[in-house]
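Please read the following briefing alongside the sequence and the model.

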Amino acid sequence: MPSGRKGSVPRGANLLKAAQELGVELESICGGRQTCGKCQVIVEEGHFPKHGLTSRPDHLSAPTAREIEYSQENRLQGRRLACAAEVLGDVLISVPEESQARKQVIAKAASERTIEIEPAVRLVYVEMQPPDMSDARGDWERLQVALEEQWDLKGLSLDSSALTALQSNLRQGNFAVTAAVWQNREVLRLQPGYREGLYGLAVDIGSTTVVAHLCDLRTGAVLATEAAMNPQVRYGEDLMSRVSYANSEPQGLSRLNRGVIRTLNELAEKATAAAGLLPTDILDAVVVGNPVMHHIFLGLHPRELGGAPFTPAVSSALDLKASDLGLSFHPAARLHTLPLIAGHVGADNVAVLLAEAPDEQDEVMLIVDVGTNAEIVLGNRQRLLAASSPTGPAFEGAQITHGQRAAPGAIERVRIDPLSLEPRLKVIGYDEWIRPGASLPHEARATGICGSGIIEAVAELFLAGIILPDGLFNPAAAERSPRVRYQGRTGEYVLADESLTATGLPVVITQNDIRAIQLAKAALYAGSKLLMNHWGAQQVDRVILAGAFGSFISPYHAMVLGLIPDCDLNKVVAVGNAAGDGARFALLNRNLRQKAARLARWVEHVSTPLESSFQDEFVAALGLPHSRDPYPTLAPFLPQPSADGRTGRRNRIREKHQLV
Amino acid sequence: MSEEIDITQLETAEILELIADDLYDGLAPEVVNSVKELLKRNMTPYDVLTKGLVAGMDIVGVDFRDGILFVPEVLMAAKAMKAGMEILRPLLVETGAPQVGTLVIGTVKGDIHDIGKNLVGMMMEGAGFTVVNLGINVDADTFIKAIHEHKPDILGMSALLTTTMPYMGVVINTLKEQGLRDQLIVLVGGAPLNDAFAEEIGADAYCRDAAIAVETAKKLVAIKRSEPIG
């Protein structure tokens, strides 16, 4: 293997699982169900003395019917789907570039917004009288009195780790100590003498990316921001595959849990190191995530979140000890999780509300967190509604013929000239716009197309008239450009020919890709529209695209596609990782934790799939940008409807008789 | 548009072709008119159904499978089919025409995805099947009750979540326990499924989309009916 990993697995072991166990990160979006085709591998044939083995294709089990079906629809070119193959003998496997799971490009700049600093943990400096023979009280009892007298802090308790070091700290500081007090209730840490320095960590556990902000709890400054891929990705890309993994594997939950805890510890280590600190300097943390991430992080089984009625084990905010979860912060460090709104709408969403504060606005705001499960909030200070809409993984590149995640090599931006129908592309990892025929360095060669790229591609195909408002390839476009070509009866568009790709195969957008994007965007739009209907809003004043993915989407293309409702384009903004920002706000201001709890109870959750009008709204939203709802903002840009009005496409009999 | 040509002037074969065109374009009133005209010409209700409506919906199914038609167009076609069917249904019963078959369909317990399953139901109606749609979040008991009540040829189950699809296996096991499995064709569908899963839980087939569901249903019903009884 290019990874150099080598090992023995039991005969009959699944190749994808075997590779994962050997530490080879293969992309898998469907979680091994022979559907996404992302785990393609090459079986090397022959005797390899270096490895001491003879590798043959038939040392893997024969392709399953599903794999054969996949290979008929997609060009496998002799490759195998690792998830479909069982290891029956010695094999040497090469992992093609596009099958490797790689570190992602992450939007992680913490926004600079003003916020009142009132953390849950504060430092108090206390001086005490040295003990003498006339005073029989213990040091802790005497410290309690001092804390009450000097800081009006009554009835405090003492963390056991602070108790262990109490006497030595007092004497080392000559009976002057700096106490870190949590919520005016408990002493977490004692340090001899006067000390400054109080640090906390705000964490957003996304299903794909985990982001941690290390903050100075006195100044509110972000000292370091670190991000890592969620290691649970290897057990399934989308949330439900991870729930399935926890349901079906005996050690599943504990593996998922340990993975994310380890990642948090690594992020804490990196972030503190970057600031010249140690993880044990962290005294407080706020963690947010969607309900499944929240449950797995807490070691709670996500089984019930896997199906209706999606009941969480707990939805209110929790105050815990970080060490109880296996986090190697300060031994007494506290950890707060924001509340959930519903089984599908999580603490990450509450954090977004804290960050964007729609409850303080008169404008009607629509906040959309685009992901596998899009979360939607609509409203203003009068009323807030929340829903989630199952968009599926199409926006993350799954179900798309040449789809991939946002990693180097992915086409992320697309423009199509409406006259020549020629494309221009931008590839992650290369700054220049790429035109057909350009001679390119290796890093500029495309390996596939990511979510933002596919959104722009479909919108541009529509703007250029290559696809019609119903999503069908326009046969007239095939006469105008060789890029629009037909495989049998269905059209496709060659976005990047072989000379522009790293794989030696063209990157094409097929009719089925367009259908997959139509389904995903219609689910998202229908969710927003149902909330608008509930709220009584004819239109929205502002659209906020939250989440890492949201910052890569072009608002204009999102609107052309009909992903979001009509709105002044200047008022469509991407806010990046708003959930991480909200977690940071709750870390820096304990009153915002109270506010979060109030918000979570106040927001009305709407279960969109149970709404009787969902199907109607969904079907109407399949058209580009929409079959029914007007988009006045886009009027100057959209292609004119064709002259015949497209009433009827099979008028054979009528035409025949009208001609007579 | 229907005023533009006088269907009474058309050959019967042309009216059948017109029904296909109008189904394709989702023109319900036009389909109804053509059905009435054919009945007036003493075509049997069964022939109107099979040579007119079902033949027309076949074309819709093929183009849906090939990605040329999409969900909205297919729904319109299915509605037009339904409009024609409403006229034919009482007449089919009256004339004792052979039944194409009955389907009981639902989304399994824990899953609230509705649309794909509804589309399958409508396409099956388009193919002439009688469809009993049990809705979403359907448990094994509800499926069993419906099977006793409607005596279907086919049971269709849908799941869109990897977490809910194992419940299909639970339903099939319950069918086996109650001795109902052998009399039924069990078809399953939904984005996270595949053939291997269908085989593993003991379903007869996995259907990737509504068009394939119809093809599979027709094929398996034909096989079942050609088997010697007993």
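**Helix packing in chain B**

In this predicted model, helix α1 (residues 12-24) of chain B packs with helix α2 (residues 28-40) of chain B at an angle of about 160°, their axes lying 9 Å apart. That angle makes α1(B) roughly antiparallel to α2(B), a label given to angles over 145 degrees. Axes are lines fitted to C-alpha atoms, for helices over the stretch in contact, and angles run from 0 to 180 degrees between N-to-C directions. Residues are numbered from 1 along each chain as its sequence is written, while chains are lettered from A and ligands numbered from 1 in the order in which they are written. Local features need pLDDT of at least 70 and side-chain atom pairs count only at pLDDT 80 or more, whereas totals for chains, interfaces and linings use all residues.

- The crossing of α1(B) and α2(B) is left-handed, which is to say that the near helix is turned anticlockwise from the far one by less than a right angle.
- From α1(B), T12(B), I15(B), L18(B), I19(B), D22(B) and L23(B) meet E30(B), V31(B), S34(B), E37(B) and L38(B) of α2(B), where contact requires C-beta atoms, placed from the backbone, within 7 Å.

**Strand β21 of chain A and its partners**

- Six of the seven residues of strand β21 (residues 410-416) of chain A are buried, so this strand is largely enclosed by the rest of the structure; buried means that 20 or more other C-beta atoms lie within 10 Å of the residue's own.
- β21(A) pairs with strand β22 (residues 423-427) of chain A in the antiparallel sense over five bridges, pairing being assigned if DSSP finds at least two bridges, and R413(A) stands opposite K426(A) in β22(A).
- These two strands, β21(A) and β22(A), form a hairpin with six residues between them, and L421(A) in the turn has a positive phi of about 65°.
- With strand β23 (residues 448-449) of chain A, β21(A) pairs in the parallel sense over two bridges, and A410(A) stands opposite G448(A) there.

**The six-stranded sheet of chain A**

- An open sheet of six strands with mixed pairing has the order β28-β27-β18-β19-β20-β29 in chain A.
- Its edge strands are β28 (572-576) and β29 (604-605) of chain A, each of which pairs on one side only.

**Contact between the chains**

- In the model, 40 residues of chain A are in contact with 33 residues of chain B.
- Helices α2 (65-73), α6 (239-248), α12, α17 (614-620) and α18 (652-659) of chain A each supply at least two residues of the side that touches chain B.

Methods:
A residue is buried if 20 or more other C-beta atoms lie within 10 Å of its own, exposed if 12 or fewer, and partly exposed in between; C-beta atoms are placed from the backbone. Helices (H or I, at least four residues) and strands (E, at least two) are DSSP runs, numbered from the N terminus. Two residues are in contact if their C-beta atoms, placed from the backbone, lie within 7 Å. Angles under 35 degrees count as roughly parallel, over 145 as roughly antiparallel, 65 to 115 as roughly perpendicular and the rest as oblique.
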